Amino acid sequence: MSWICEEDTRTWVQRLATNTLKQGPIPYHVAFILDGNRRYAKERNMPTIYGHKIGLDTKLNEVLRWCVDLGIREVTMYMFSKDNFKRSSEEVAYLFQIFSDKLQRFLDAGQSFLIWSKARHLIHDGVKRVAEGLSRKEIKQSDVDEYLVENAMQLYPHHNVDVLVRTSETRLSDFVLWECNEGQLCFNETLWPQYSYWNLLEAVMLYQKRDFSSSWQVCQNSMIGEKRKRENVNTSIQEEKRKEKFLQGLRKQVWDVLYKTEQMTVIQ
Amino acid sequence: MLRKAREWLQSKVFYTAWLVIHIAYQLQLEIRDFLRFNLRYASKRLLSCFPLYSPQKELADFVEEVSKLPKVPKHLAISVIPESQESVLSMLLSKLWPNQLHSSNINNNKKDDDLNEINFECDGVNLQTVAKIVAWASAANIPVISLYDYNGILKTRYKELGSYIQEEIIQDFWAVEKIKGAIEPPVVKFHNVHKTNGYTNGVNGTKSRDTLHIFVFSRNDGKPNIVRAVKDIYVDKFERNSNNPAVPMTSEEKLIDENTLDSYLNRYNGWSSHIVEAKTEPDLLLILGNVKSTLGFLPWHIRLTEIHWLPSLKRVEICDFLTSFYKYAKCQQRFGK
C-alpha cells in the first residue's frame, strides 16, 4: 500500500512485546492527532516544512505500518483543518503538495479513503439530515435514536473510535467528538515526529488495562446496562427497515452529488 | 502434532506473559499512588509538629498562587469517577479464576460494616470530597463549575451536595477574604437539576454577591440530548411550518446551522444568557480517577477543552489541583494557526 512503510523497522524486543500484547484485545479503530511538527522543526532550528516532511511523510508511513503489524483495522488521522488556512501561504501550499502526492499514490494503488470534516460540523450534518428525513416522512420520531443520528453523520459506516492518540497537547480540537465520546484517550507529551513504537504499544496497553481498572469496571457495568436497556426496547422489523432504507437513501444521495462533480473520489 | 503442541505452548506462554505484564503494571500504579498519598500525608503530619505546615496555610498559599497565574479557567468541568468497592487484587484473581466467589463475599461484609457509620458515600461517590473540590474552585475565583458523573448520582443528590458545598465555601472563605478582600461568600446556584422550589442554596442572595453557578450532568445530557434536539428541531422548524401554512416561517427561522443546535443544547443544559462570566464550553475538564476517557461527557461542548487527570476522589489534594492550574496556564490554544 502506498501510505505504508514497506520495511518492518521493529526490533526483536518490540516484536516480542507485540506478540505478547496481541493476546489481549487490540483496538479496532485508532484515531491520531498529528501535533508538534512545527515545534519539532523549531527545536532543531529547521524551517517549518522540514517538520511537516518528517511528520506527514516519514512518521505517518511508519505509524501506519505499525498499526498493520498490531492488527488495528481502522485508522483516522487529523492532518489538516479549515482553521489551518490561517497559516502562511507557503506552509499551506507545502502541506497540500504532500497531501496531493499521497492521495495520488493512494489512488494509483486503487485504495479507498475517507476525509472527515470537523466533529461539530459532522454532528450538525447528522442532526439536520435526520430532521429533514422526519419532515419528508421517511422516518418516524420513534425511530430517532443514537444509532440513527450516528449513521446519518457518517457517509461510510465505520466503527467508533476505540483509542484517540494525541501528541504534545491534551485536548480534542473538534475531532471525533461523537465517535470517541466513550473511547480511550491517550495524550502523549512527545511531538509527533518523535512518536515511537513503544508509545503506540503503551496506547494499546492502556486500552487493554481498562479491564483491570476497578473504576473503569464500575462505569463499564453502567454502560453495558444502558446498552442492554436500549437493545431490549422492542424495535419492530418495519422500524429497522425504515431506518436502513433512510440511511441508504441518504448515502446514495450524497455519493451521487459527489460523483457528479467528477473532480476527485474524495468524499466527506 | 509436534507443531500444534509447540503452538499451544507458545500461546500459553504469551498469554501468561500478557497477564503478568498487566498485573505488574496495575500493581505498580496502585502502589505508586498509595505511596505518593501516604508519604505526602506523613510529611504533612511531621511538618505540622513544627510551624511549617497547616491545612489553612496550604489553602491560603493556593489562593495566592492561583491569583498570580496569567490564565485561570472561567468554566471548570469536574468528572467524578465512582470508586469500586472491589479491590484490584480480587479483580485480577477473577481474571485467572473466573468462578472465584471471593470478591462478592468481600462486598457483602463491607456493606454490613458500613451500616453503623455515617456514610457520605453514595454508590462510590464521596459527596463531601466533591464539595471540597468545588470550594477550592470557588476560592480560585472560578464562577462556573460543571459536575459530571456517568450514572447521575450527583444529579440525584444535588441538595445534599449543595449543603456540603455551602459549608465548605463558608469554611474556606477566610482565605479568599484575606487575599482578595471579598466581602461575602458567593451564592451557590444549581442549574440543570430537578428543582422543586428553585434551589439556590437556601439563602436569599443579594445582588451584590457573586454567584457560583454549578451545572450537574450525567450521561443522559450528552448524546441523548443531541437526539432530543433532532426531534425538537423537527417539531419547531418543520412541523410548525406545515401546521401553520398561513404564517410561513422566515428563512432565518427555518435555518438549521451549528448555532441552532448549540442554542438547543445550551437550553437543555439550563444555560442562561445572564451568565456572562464564562462560555458554555468548559475551559478545563478534570477527571478524578485513572480512567482515560471522558465517559460520555457532553460531546458537543468539549471541542477545545483542555483535559487533565487528577488522582481519584479519595486521594486528590489541593496541590494536585494547583498543579493542574499551572499546566493550564502554560498551555497555548493556537486555533489552527
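Analyst: Happy to. pLDDT is the predictor's confidence in each residue, from 0 to 100, and contact means heavy atoms within 4.5 Å. Over residues 201-206 of chain B the pLDDT stays under 50, and the model has 6 contacts there beyond four places in sequence. This is a predicted model, where local features need pLDDT of at least 70 and side-chain atom pairs count only at pLDDT 80 or more, while totals for chains, interfaces and linings use all residues. Residues are numbered from 1 along each chain, chains are lettered from A in the order written, and side-chain values use heavy atoms, without hydrogens and water.

User: How should I read coordinates where pLDDT is low?

Analyst: Where pLDDT is low, the predicted coordinates should not be read in detail. Chain B averages a pLDDT of 81, with 78% of the residues scoring at least 70. Residues 99-120 of chain B, though, have pLDDT below 50.

User: What makes Arg219(B) and Glu146(A) a salt bridge?

Analyst: A salt bridge needs a side-chain nitrogen of Lys or Arg within 4 Å of a carboxyl oxygen of Asp or Glu. The closest N and O atoms of Arg219(B) and Glu146(A) are 2.9 Å apart, so the pair qualifies. Between chain A and chain B the count is 5 salt bridges.

User: How many residues does each chain bring to the contact?

Analyst: Chain A brings 65 residues and chain B brings 66 residues. The area buried between them (accessible area, 1.4 Å probe, lost on being put together, summed over both) is about 6000 Å², and carbon and sulfur atoms give 62% of that area.

Notes. Buried area is the accessible area (1.4 Å probe) that two parts lose on being put together, summed over both.
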